[in-house]
Structures are given as structure tokens and as C-alpha cells.
Amino acid sequence: MHFDLNHVTRHPRDLVFATHRDHIEALAAYLPDVERIEVRGRSRHADGREVQTQWWVGSTSALPLLLRPMVPAHLLQWQQTTTWDPAAWTASWEIEVPGLGAAVSARGKHTYERDPAGCRIALEGDFAFRPDRVPQLAQVPAAAIPVVERAVVSIVLPMIERTGEAVGRYLDDR
């Protein structure tokens, strides 16, 4: 399932980009649906790109009340690998959810653009649920797949949008 969204913040593009890249762990305090973010790996390349491996721990508050008792904590944790490219003003990411293995494919890109109001963060991404790739999930009916995809995206998109807001609030506090 493809998704996109835009967020505008009043701060300049270079500051928004650098804050998102360099202070991602501190942004967790501004995200009610995230308990913590840990940068577990970072490599810088000669061309200016930086690749980060981040571990995210989500909160059940991201889930609708009805689903909270049914979703185990290990499904609210994921690894995100992000490639920051300052020359292109992009952050390309891919997410792995260890609790679901190959059943989940999630990737996308943030593009940081100048905007008369400050900085526009344009996000586009794709999420796919492929239960046939995991034997324990192989019996999930095909008709349920788009329902699961829409449900997950409806939970994840607001969290992603709040990340853009968190950058702005973090910068406002400084």
C-alpha cells in the first residue's frame, strides 16, 4: 500500500534535516506513541551520506483501545535503517519488524524541501503485508491482507507526521 504525506515546519531546511538526523533519540520525548529510539549504528561515507541503524520501541498508545490487548509488545519494536543524503536533502528508510520477519515490507523516503514557511517534509512510502512468507501466518486469508495493510498504515502515518512535528517542537524548545 502506497502512502504519502507532507508536513511544514517554520524552521529552515538545513536545521530540520540535521536535527532529524543527529537528534533522533531526543525526539522520542516528543512522540507520545514512542517509548524510545536508540541509534545502534552509524557510518559516514566520503560523499556525505550517513547510514544509521535505529531501534524504535513503540507504545501501545499508538493502537486503538480494542487492539491493545491483542498486540504483543514485541510487535511494537522495529529496526529502521536510514540513509541520509545531504546533497539530495533526502532520508531513505527501510523498516524490519523482527516479530513479523519477512511478512512485512516497509520502506520510504523523506524529502526536505524549502518552503516559504520554512521547511516542507514530503514523505512517500510503501507498506506490504505478505503473510505467505512466514509459515505461522500462511493461513491468513488473502481478503484480510488489504484490511491489515490499511489498518497498519492508519496507525503508522500519524506517528510519522508527529515525527515532523516533534522536530519543530524540539527546535522551538532550543
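**Entry 1: the cavity**

I began with the lining of the largest cavity, where helix 3 gives the most, with four residues. I note here that the model is predicted. I then counted the cavities of 30 Å³ or more and got one. The largest cavity holds about 70 Å³ of space.

I listed its lining residues: Leu5, His7, His20, His110, Ile121, Leu123, Ile160, Glu161, Thr163 and Gly164. Strand 1, strand 7 and helix 3 are the elements that each give two or more residues to this lining. I sorted the lining residues by type and found four nonpolar, five polar and one charged.

Seven of them form an open sheet with antiparallel pairing, and I wrote down the order as 1-7-6-5-4-3-2. Which strands are the edge strands? They are strand 1, residues 2–9, and strand 2, residues 34–44, and each of these pairs on one side only. On average, neighbouring strands in the sheet are turned by 20 degrees against each other, with direction ignored.

I took one pair for a further look. Strand 6 covers residues 104–115 and strand 7 covers residues 118–129. The two run antiparallel, and twelve bridges join them. Within this pair, I found Lys109 opposite Glu124 of strand 7.

**Entry 2: helices on the sheet**

I checked what helix 1, residues 13–22, packs on, and it is the sheet. Helix 1 touches strand 1, strand 2, strand 3 (50–58), strand 4 (77–85), strand 5 (90–96), strand 6 and strand 7. The direction of helix 1 makes about 150 degrees with that of strand 6.

Helix 3 spans residues 145–173. I found helix 3 lying across strand 1, strand 2, strand 3, strand 4, strand 6 and strand 7. Its angle to strand 1 is about 15 degrees.

**Entry 3: Thr19**

Is Thr19 buried or exposed? Its relative accessible area is 3%, and the cut-off for buried is under 20%, so Thr19 counts as buried.

I also looked up which residues Thr19 touches, leaving out those up to four places away in sequence. They are Ile24, Leu27, Val167, Tyr170 and Leu171. Of these contacts, Val167, Tyr170 and Leu171 fall in the residue range of helix 3, 145–173.

How values were computed. Residues are numbered from 1 along each chain as its sequence is written. This is a predicted model: local features need pLDDT of at least 70, side-chain atom pairs count only at pLDDT 80 or more; totals for chains, interfaces and linings use all residues. Side-chain values use heavy atoms; hydrogens and water are left out. Two strands pair if DSSP finds at least two bridges between them. Axes are lines fitted to C-alpha atoms, for helices over the stretch in contact, and angles run from 0 to 180 degrees between N-to-C directions. Contact means heavy atoms within 4.5 Å. Buried means under 20% relative accessible area, exposed over 50%, partly exposed in between (1.4 Å probe, protein chains only). On a 1 Å grid over the protein atoms alone, a cavity is a set of points where a 1.4 Å probe fits but cannot get out, and a pocket is an open set with protein on both sides within 12 Å along at least five of seven lines; lining residues have an atom within 4 Å of a point. Grid points are joined across faces, edges and corners, and a volume is the space filled by probe spheres set on the points. Ala, Val, Leu, Ile, Met, Phe, Trp, Tyr, Cys and Pro count as nonpolar, Asp, Glu, Lys and Arg as charged, and the others, Gly among them, as polar.
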